[in-house]
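Welcome! Take a moment to look over the chain below, and then we can walk through some of its side chains together.

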Amino acid sequence: AGNVRSVRNAISALGYAIHDVESEADIEGASVLVFPGVGSFGSAVEVLESRGWVEPLRAYCRAGRPFFGVCLGMQLLFESSEETPGAAGLGVIPGSVTHFRTAAAGAVTDEYLTVPHIGWNGVSFAGDKAGSYVLD
């Protein structure tokens with residue numbers, strides 16, 4: 001996944017060693033946990049539960065130890081998410097991850113949030129690219 005690789009590359013470029021979590025002991029022995037993530041809240045919770053990592057992660061975070069969650073890694077710190085009703089997050093941060101109120105989502109309010117587009121788009125060219133300083 002893109003942000004996982006980007007985070008790994010950034011940490012390595014700063015000269016730090018990366019040790020992937022493979023067991024509960026890895027969580028307990030970590031000096032810092034960086035949790036990038038891409039995917040579904042519910043699927044991620046299932047993986048954490050199946051590996052027995054939910055309680056060790058809760059204990060690690062509640063002890064005030066260094067934890068940096070990126071994207072899904074941050075969302076999992078909450079109690080729940082609208083993305084997967086019924087799936088319990090780690091509950092380190094009270095509350096639920098909710099959708100932005102946007103006009104496109106049918107929000108009935110004058111207070112819409114502007115949501116930036118984050119994603120990959122294809123680029124196609126109409127005509128000749130000759131003379132384009134962007135493509136040279």
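**Salt bridges and a serine**

A search across the whole structure turns up two salt bridges. Please keep in mind that this model is predicted. The notes below visit each pair and then turn to a serine in a strand.

**Arg8 and Asp20**
- Arg8 pairs with Asp20 in a salt bridge, and their closest N and O atoms are 2.6 Å apart.
- This pair links distant parts of the chain: Arg8 belongs to helix α1 (residues 2-13), while Asp20 sits in the loop between α1 and α2 (24-29), 12 residues apart.
- Arg8 is partly exposed, at 35% relative accessibility.
- Asp20 is partly exposed too, with a relative accessible area of 43%.

**Glu55 and Arg58**
- A second salt bridge joins the side chains of Glu55 and Arg58, at 2.4 Å from N to O.
- Both residues lie in helix α4 (residues 54-62), and because they are three residues apart there, about one helical turn separates them.
- Arg58 has a relative accessible area of 18%, so it counts as buried, the cut-off being under 20%.

**Ser81**
- Look for Ser81 in strand β3, which covers residues 78-81.
- Ser81 is buried, with 5% relative accessibility.
- Its side chain reaches the backbone nitrogen of Glu83 at 3.1 Å.
- Leaving aside residues up to four places away in sequence, Ser81 touches Phe41, Ala87, Ser96 and Val97.

Methods
Residues numbered from 1 in each chain as written. Predicted model: local features only at pLDDT ≥ 70, side-chain atom pairs only at ≥ 80, totals over all residues. Heavy atoms only, no water. Salt bridge = Lys/Arg side-chain N within 4 Å of Asp/Glu carboxyl O. Helix = DSSP H or I, 4+ residues; strand = E, 2+ residues; numbered from the N terminus. Buried < 20%, exposed > 50% of the residue type's maximum accessible area, 1.4 Å probe, protein only. Polar contact = N/O pair within 3.5 Å; in protein donor to acceptor, adjacent residues only side chain to side chain. Contact = heavy atoms within 4.5 Å.
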